[in-house]
Amino acid sequence: MSFPTVTFLLFVAATVLIYYIVPKRFQWVILLIASYIFYLSNTIPGVIFILFTTIITYLFALRMDKISDKCATFIADNKEALSKDELKAAKKKFNNKKKTWLVILILINLGILATVKYVPAIINSTSIRDMLYPDDSERMFKILVPLGISFYTFTTIGYAIDVYRNKYRATRHIGKFALFVSFFPSIIQGPISRFDDVGVQYNQPHKFDYDNFVKGLELILWGFFKKLVVADRLHPFVAEIFNDYANYDGIIPILGLLMYSLQIYSDFSGCIDITRGVAALFGIELPLNFERPYFARSVAEYWRRWHITLGNWMRDYVFFSVMFSRPYSKFSRFSRKKFGNTYGKIIPNFITTYAVFLSIGIWHGASLNYVLYGFYNATIIVGGMLLQPLNDKITTKLKINKESPNWQFFEIVRTFTILLGSKLLAHSASVVDAWYMFTSIFDLERTLSYIKNRTLFELGSIGQVGFNIVMVGAVVILVVSILQEHGISIRDTLNKKVPLIPRWALIILFIIFVFIYGKYNTGTGIIDPIYQRY
Amino acid sequence: MKEKVIEILKGIRSDIDFETEDQLIDGNIIDSFDVVSLIGDLTDEFDVDITVNDMIPENFNSADAIVALIQRLEDEI
């Protein structure tokens with residue numbers, strides 16, 4: 001069962017109906033059953049993996065909680081008898097015990113993730129594959145990749161680290177914890193949730209709230225518009241250019257990259273809108289994952305606006321873990337003393353920035369292009385930090401007003417252009433392909449014949465009409481995004497300021513628009529959400 | 001204690017009046033990397049354990065807030 005299908009919508013409708021009929025204390029049970037039905041409909045053996053991770057994380061977190069309790073009791077009982085230093089030493093011992101449990105848990109969970117994601121890639125790119133299948137040069141080594149494993153692994157590790165850090169107590173309720181890990185709207189591609197934000201919502205009774213429900217439906221509709229009218233329509237066009245890259249040069253690879261940027265944004269953010277909209281139907285609020293990333297004025301800002309929950313996860317659990325470690329702290333102060341406040345501060349930043357972005361790269365996949373993708377983004381950000389003083393000097397000298405709309409526009413275009421390199425690395429089959437596509441941009445021979453013969457719309461058989469629909473869709477997304485940047489919420493305006501009949505007329509017209517102009521495929525032709533593969 | 005805190009803060013940014021400034025984080029005067037340096041210095045100076053959970057703007061917005069944080073942590077084991 002995939003997102004852009006009628007089966008999925010019927011499944012959601014049935015679950016919503018039962019959810020609001022049953023007594024409120026059983027609502028979480030309905031969501032848990034629905035989540036496991038959804039999971040089993042996609043993969044039956046995969047369920048063993050998610051169950052294992054759920055149970056082991058639940059048990060290890062309880063264990064860490066117990067150690068915290070023991071520590072608190074020990075300190076309370078010995079407060080008078082022992083000195084402060086002795087108590088601190090005892091606390092450290094308890095903490096080390098907790099850390100051992102945490103490290104084992106992370107190693108198990110990451111070990112499973114790494115095995116299913118990276119082992120096949122490593123085997124297939126080395127001579128081990130030839131040893132496994134000596135008579136079949138086409139055959140690739142494959143193992144089952146459980147649905148949503150990258151997302152639920154990060155969700156559970158985040159939970160365990162929070163419990164370790166005493167941010168909150170471990171939950172005693174395994175059923176609600178299992179729901180937190182497997183909640184069906186977000187299992188495929190996030191957002192990566194936090195237990196103290198989303199997990200606690202399953203404890204609350206959810207009364208049917210008409211306004212919230214309508215807002216959820218509108219968000220789902222908007223998500224389907226982005227996914228079906230723009231992303232899926234563009235899919236064959238982009239696939240043709242990236243798969244058959246050797247045949248295209250000049251403006252075609254540039255167009256391919258631009259259209260891929262539009263496709264990936266519409267696909268990922270559209271599916272997240274569907275996810276958040278479906279969750280809203282149950283009265284569950286999931287975190288934002290996008291804040292109009294292509295309006296970012298720097299690459300660092302882009303990463304605060306794109307896949308926000310992954311960025312926040314990296315900040316809280318990788319970045320802070322490195323930053324709060326003793327060796328890092330020592331190095332940071334040594335660097336400041338040695339190189340002064342400006343550069344002395346930047347040098348330790350290099351370490352954390354590269355650590356975070358290489359992690360983001362590897363999270364996406366096992367190939368060299370994802371490693372380079374992380375390296376590219378980190379280098380741009382680090383370069384930006386290094387060049388900041390020079391940049392400030394130049395802009396002051398040229399009397400550029402950094403807050404003027406023209407300068408802001410320049411920064412947005414500059415950032416977007418730099419990011420095209422990152423997209424090229426992420427979407428090419430290999431680094432060699434990416435490099436070939438990049439160099440072919442400067443060869444204009446074939447481009448001219450394309451423009452002359454007007455065969456551009458034959459790419460991936462998108463057709464001129466199809467291409468025009470995509471462009472209209474892109475303009476609609478752009479206008480809505482500009483309004484949102486100015487703090488205008490389309491849904492709030494529609495629901496609060498437009499009277500009932502014109503409001504519903506507009507919504508129904510939009511549904512018809514999506515229905516007519518959306519691109520549907522059935523059976524094996526369904527275009528799964530792009531981020532499902534990560 | 002406040003004098004010592006201000007002296008440490010001056011080591012990170014010498015151009016700020018830390019006596020009166022109360023928007024150090026919310027006003028983007030010091031960033032998260034400054035805070036990490038600061039935490040290292042405070043840990044050494046006052047022998048307290050500052051953790052990730054203490055990384056909230058309210059704890060670092062002013063010299064007084066930092067003093068309050070250290071006093072709270074000194075009382076804790």
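In this predicted model, the centres of domain 1 and domain 3 of chain A, taken over C-alpha atoms, are separated by 29 Å. The two domains touch through 12 residues from domain 1 of chain A and 7 residues from domain 3 of chain A. On the domain 1 side, α4 (84-124) and α6 (149-164) of chain A each supply at least two residues. The largest share comes from α6(A), with 5 residues. By class, this side of domain 1 of chain A has 8 nonpolar, 3 polar and 1 charged residues.

The domain assignment of chain A places domain 1 at 6-205 and domain 3 at 293-427. Domain 2 is given as two segments, 211-286 and 450-534.

Chain A contains 20 helices and 0 strands. Its C-alpha trace spans about 90 × 65 × 65 Å along the principal axes. The radius of gyration of chain A is 26 Å. A compact globule with 534 residues would have a value near 24 Å, so the two agree. Of the 534 residues of chain A, 35% count as buried.

F513(A) is found in helix α20 (residues 500-517) of chain A. F513(A) counts as partly exposed because it has 17 C-beta neighbours inside 10 Å, where a buried residue needs 20 or more.

Helix α10 of chain A covers residues 251-281 and has 31 residues. From its first C-alpha to its last, helix α10 of chain A reaches 44 Å. That is close to the 45 Å expected at 1.5 Å a residue. The helix is mostly covered, with 26 of the 31 residues of α10(A) buried. G283(A) follows α10(A) and has a positive phi, near 80°.

Several loops of chain A carry backbone features of note. A cis peptide bond joins G190(A) and P191(A), with omega about 5°. P191(A) lies in the loop between α8 (184-187) and α9 (210-243) of chain A. R292(A) is not a glycine, but its phi is positive, about 45°. R292(A) is found in the loop between α10 and α11 (299-305) of chain A. With 17 other C-beta atoms within 10 Å, R292(A) is partly exposed. H307(A), also a residue other than glycine, has a positive phi near 50°. H307(A) is placed in the loop between α11 and α12 (308-323) of chain A. H307(A) counts as buried because it has 23 C-beta neighbours inside 10 Å, and the cut-off for burial is 20 or more.

Chain B has 4 helices and 0 strands. Along the sequence, chain B follows the pattern α-α-α-α. The radius of gyration of chain B is 11 Å, close to the 11 Å that the globule rule gives for 77 residues, so chain B is as compact as a globular protein of that length. Its C-alpha atoms fill a box of roughly 35 × 25 × 20 Å along the principal axes. Buried residues make up 30% of the 77 residues in chain B. Of the contacts in chain B with a separation of 6 or more, 63% are between residues 24 or more positions apart.

The two chains meet through 11 residues of chain B and 18 residues of chain A. Helix α2 (residues 32-46) of chain B gives the most to the chain B side, with 5 residues. By class, the side of chain B that touches chain A has 6 nonpolar, 4 polar and 1 charged residues.

Confidence values were also computed. The model scores ipTM 0.80 and pTM 0.88. Chain B has a mean pLDDT of 85, and 100% of its residues reach 70 or more. Among the elements of chain B, α2(B) has the lowest mean pLDDT, 81. Helix α4 (residues 63-75) of chain B has the highest, 90.

Conventions
Residues numbered from 1 in each chain as written. Chains lettered and ligands numbered in written order. Predicted model: local features only at pLDDT ≥ 70, side-chain atom pairs only at ≥ 80, totals over all residues. Nonpolar A, V, L, I, M, F, W, Y, C, P; charged D, E, K, R; others polar. Expected span 1.5 Å × (residues − 1). Buried ≥ 20, exposed ≤ 12 C-beta atoms within 10 Å, placed from the backbone. Domains from an automatic or database assignment. Rg over C-alpha atoms; globule rule 2.2 N^0.38 Å. pLDDT = per-residue confidence, 0-100.
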